[in-house]
Amino acid sequence: MRFIKKSFRPINQGNTLSKKLGVVFLIVTVMLAGCSQSSSPSEAVVQAAEPASKTVKTMKVAKQRWEGAKEMVAEVIPSQQLDVVLKTDGDVVNVVKKRGAQVHKDDVIVELDKKDILRQKQKLLYEQSSLQEQLAKSKKDFEDGRTELVYNINTAKQELADTEKDYNLIRNNYDRGLADKKQMEQMETVVNKFRRGLEIMQKKLETLENTNSFAALQLQIHNNEINLQDMERSIAYYDVKAPAKGVLVEMPILEGMVLARGTKIGVVQQQSPIKIRAELTDTSLSYVQGKTELPFYIPDTLDKFIGKISYLANVANTQTKTYTLELEVPNEDGRLKSGMRVQLVLAEDGQQETIAVPVSSIVREEGETYVFVVNGDQAEKRKVKAGRTKKDQQEILNGLQVDEALVITGQHQLKHNDKVKVVE
């Protein structure tokens, strides 16, 4: 039995190998036959990679008559914004006005610790008082000295006059031989002495009257007054005040904070008057040109207003291709608030021609409005700005041109640049 198994094993292996070779040969033959009757493998791969065109229906974009007022959304903005900036360093001891508060011009918003600067002011006041006392004493001394000098001058004048009389008498006696020369010379010496003394006192009085002996003290007092004025101005900076009437916004200040000069602690939005701003398309611009005012209203209310046109751009913004319009509106009652949306009436009731498309053709994604337009055999995804809605029609303010092919069915299955096939 062992010999029989060994003798048949080589025969079985040879038969198996022959069978495998036959099968491989048959497969190759079949493949060669198929290739001779069909396209090359590379062409087959390309054909498989080509996406299938999606079937859509289109309509030609056109304008239509739209009855009713021509309106657009506008934004309420402050007439101006003024920064509240610190003019000194300080520690916050009191926040008087919170964010969102209505403020009037010069209302205190924040109080800074002013103990140190008040002490400095007190020192200046003491110094000023001392200087004033010194000046008063100096003036009294001056008047006393001048009075004494005038008295001495008058006394010297009288003595000189008496001495001159005695001298003249001696000289007459000398001429008559009643007095000797020595007596006359002695009296002449006394007269000259009195004259020189009087001249010295008179010059001293002249100098005293023509010289400001208080100049140094007066300069010190003047400088001290300037320092006090500067100090008062600096003290005023410790009460941080509103620069205008309006609403206080951006106010992240808390008691205990240490703030540096130049820090912006808030913004006051002036809202009386207030502004209405809108961005006009070329079509909308034509309704506004030549007007001086426009009506507007707050949606879902009966509140209607008239705004004076304060600015209308005559050149379009290079990025948005729109024209900025601003209205100025009195707002004493504060009814209009910054950030509100209002409806601006560009034209009263009547008929206007405007681009409108079926509402069903609109694709909305993440708050944006899109449509698809066919260019050649591709679908272009186009962002548009929608206006009014009437029944099944949607007004398009910009993003579409007349005669473009708008996709009206099948648009929800499309992506940008998808291949499409237009059917009737």
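Against which element do the buried residues of α4 pack? In this predicted model, the buried residues of α4 pack against α3, the helix that covers residues 115-176. The residues of α4 that count as buried are Met184, Met187, Val191, Leu198, Met201 and Leu205. Helix α4 itself runs over residues 181-210 and comprises 30 residues, and the distance from its first C-alpha to its last is 43 Å, close to the 44 Å expected at 1.5 Å a residue.

The protein chain as a whole contains six helices and 22 strands. Of its 424 residues, 31% count as buried, and the accessible surface of the chain amounts to about 27900 Å², with 52% of that area belonging to carbon and sulfur atoms. When contacts in the chain between residues at least 6 apart in sequence are considered, 76% of them join residues at least 24 apart.

Among the strands, β20 spans residues 393-398 and includes glutamate 395. Glutamate 395 counts as buried because its relative accessibility is 0%, where the cut-off for a buried residue is under 20%. The side chain of glutamate 395 is joined to the side chain of threonine 354 by a polar contact of 3.0 Å.

Notes:
Residues are numbered from 1 along each chain as its sequence is written. This is a predicted model: local features need pLDDT of at least 70, side-chain atom pairs count only at pLDDT 80 or more; totals for chains, interfaces and linings use all residues. Side-chain values use heavy atoms; hydrogens and water are left out. Helices (H or I, at least four residues) and strands (E, at least two) are DSSP runs, numbered from the N terminus. The expected span of a helix is 1.5 Å times one less than its number of residues. Buried means under 20% relative accessible area, exposed over 50%, partly exposed in between (1.4 Å probe, protein chains only). Contact means heavy atoms within 4.5 Å. A polar contact is a pair of N or O atoms within 3.5 Å; within protein, one must be able to donate a hydrogen and the other to accept it, and residues adjacent in sequence count only if both atoms are side-chain atoms. Accessible areas come from the Shrake-Rupley method with a 1.4 Å probe; for residues, only the protein chains shown count as cover.
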